[in-house]
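Here are my notes on the model, as numbered points. Please read them with the structure open.

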Amino acid sequence: MLLDNFKPELMNLTRSLWKDGYEISANLQVAQALEEAALQQFQVAVLGAAMAFAKTTGVDLSKKLRALYPEIRIIILVDRYPLQAALQGITQAVEFGLDDSILKPVDPSVLIFSINRAIEKFKLQGENARLLKELTESNDRLGQLNTFQSKFFAMVAHDIKNPLTAIKGYSEMLLRKLEDPKALQYCNTIVSSSKTLETLISDLVDLAAIQSGKLRINKQPMDFAQVMREVQSRVEIYAKQHDIQFSVKELPSIPPLVGDAQRLGQVLTNLCTNAVHYTPAKGSVTVSAEVTAKEISVSVQDTGIGISKEDLPKVFSRFFQTEKAQQMRKGGFGLGLTIAQEIVASHGGRMGVESELGKGSRFYFALPYGAGS
Ligand SMILES: Nc1ncnc2c1ncn2[C@@H]1O[C@H](COP(=O)(O)OP(=O)(O)OP(=O)(O)O)[C@@H](O)[C@H]1O
Ligand SMILES: [Mg+2]
């Protein structure tokens, strides 16, 4: 929109802008310009009339235009004389944050340059607003999803875990009473299936707790060597079933540690069961521990399928499973390492992996001991 109360100037500028392909609304009067601005949303207003002699100052008019359409960009044309008025016009333009002020008489090419810049700004502003709106909307959706997810997990925790405990408990009891071999076999299946379900659900519940920052860690003085022996006795049976040679290297003397024995047992169990899962029959899994000046570090080495360089950084991410692992379908969610890493981190420790595709992997974690543990 162009406004200038000096007709020759208005005509001259209008012609130049037209030639350059702009759509223009040319106005001689302030009232007329405001009426136009109320009817349509201009990208840029060029105000040439209102500075020195008119009743409405450029800033007043700008305020009115912005009230009609806040996104409008504004350029004012300032009379060169009297000097005082010119200075005042420019100062006001700067203070009010207008896009540009150009001294009269206006060179059309200077004005076109300035208009182009203003239009660019107008478009960028629109793009920003659109992106912000999209971001806000997707944030809202994510928020809803998160709430839904937390509620869902909480529901899983209470509504599924309880009946499952009953199924497992009663079927274990039946196992001791039944004599018919077929019935015993069925009952065994019920027991082992309910154990698998229980592990899966526990992992989901742990993940929900991690996501809401409420994973329960109960730290007490503990004997880590004892934890290792307990895990060993459980994994040994499991490895044997899978025809994997499982061994634990002789343990060094392990200093006392403050930590959650059950949770740290869960970490080691996860690493050992992974090693057994992802190692073909006849392979081997070796656990060893080392004590340095500040840390106890435990490593689980296997001769299994290994992990490619590309996949290696992803294995600790929730729900991630390599393609090869998915083909082996062991019925896990891809949460074991996520949970293990969280538990180790909550003990101030660190966790890592080295692996070569087709050759095997070494997963390790290190826990600080002493005053800080
Ligand atoms: N010892 C290993 N050798 C090869 N790949 C492994 C090993 N340990 C983990 N992985 C890879 O990392 C992925 C993630 O392991 P993670 O323990 O988190 O999940 P998962 O074993 O698939 O399922 P679950 O939730 O039951 O543990 C596995 O699916 C597998 O692809
Ligand atoms: Mg696992």
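**Notes on the predicted model**

1. At the start of α7, a side-chain oxygen of aspartate 223 comes to within 3.1 Å of the backbone nitrogen of alanine 225. Helices (H or I, at least four residues) and strands (E, at least two) are DSSP runs, numbered from the N terminus. A polar contact, here and below, is a pair of N or O atoms within 3.5 Å; within protein, one must be able to donate a hydrogen and the other to accept it, and residues adjacent in sequence count only if both atoms are side-chain atoms.

2. On conventions: this is a predicted model, in which local features need pLDDT of at least 70 and side-chain atom pairs count only at pLDDT 80 or more, while totals for chains, interfaces and linings use all residues. Residues are numbered from 1 along each chain as its sequence is written, chains are lettered from A and ligands numbered from 1 in the order in which they are written, and side-chain values use heavy atoms, with hydrogens and water left out.

3. What span should the 18 residues of helix α7 have? At 1.5 Å a residue, helix α7 (residues 224-241) should span 26 Å, and its end C-alpha atoms are 26 Å apart, so the two agree. The expected span is 1.5 Å times one less than the number of residues.

4. Helix α7 has a kink of about 25° centred on valine 235. The bend at a residue is the angle between axes fitted to the seven residues ending there and the seven starting there. Val235 is also one of the buried residues of α7, as are Phe224, Ala225, Val227, Met228, Val231 and Ala239. Buried means under 20% relative accessible area, exposed over 50%, and partly exposed in between (1.4 Å probe, protein chains only).

5. Aspartate 243 is partly exposed, because its relative accessible area is 35%.

6. Phenylalanine 319 also deserves a look. Its phi is near 65°, a positive value in a residue other than glycine. Phenylalanine 319 lies in the loop between β10 (295-302) and α9 (323-328), and at 38% relative accessibility it counts as partly exposed.

7. The peptide bond from lysine 104 to proline 105 is cis, with omega near -5°. Proline 105 sits in the loop between β5 (100-103) and α5 (108-177).

8. Is serine 25 buried or exposed? Serine 25 is buried, since its relative accessible area is 11%. It is in the loop between α1 (7-19) and β2 (26-27). Its side chain makes polar contacts with the side chains of asparagine 27 (3.3 Å) and glutamate 36 (3.4 Å).

9. Ligand 1 has 21 residues around it, and Asn274, Tyr278, Gln321, Leu335 and Leu337 come nearest. A residue is near a molecule if one of its heavy atoms lies within 4 Å of it. By class, this shell has eleven nonpolar, eight polar and two charged residues. Ala, Val, Leu, Ile, Met, Phe, Trp, Tyr, Cys and Pro count as nonpolar, Asp, Glu, Lys and Arg as charged, and the others, Gly among them, as polar.

10. An oxygen atom of ligand 1 is 2.8 Å from a side-chain N or O atom of asparagine 274. A nitrogen atom of the ligand is 2.9 Å from a side-chain N or O atom of aspartate 302, and a nitrogen atom is 3.4 Å from one in serine 361.
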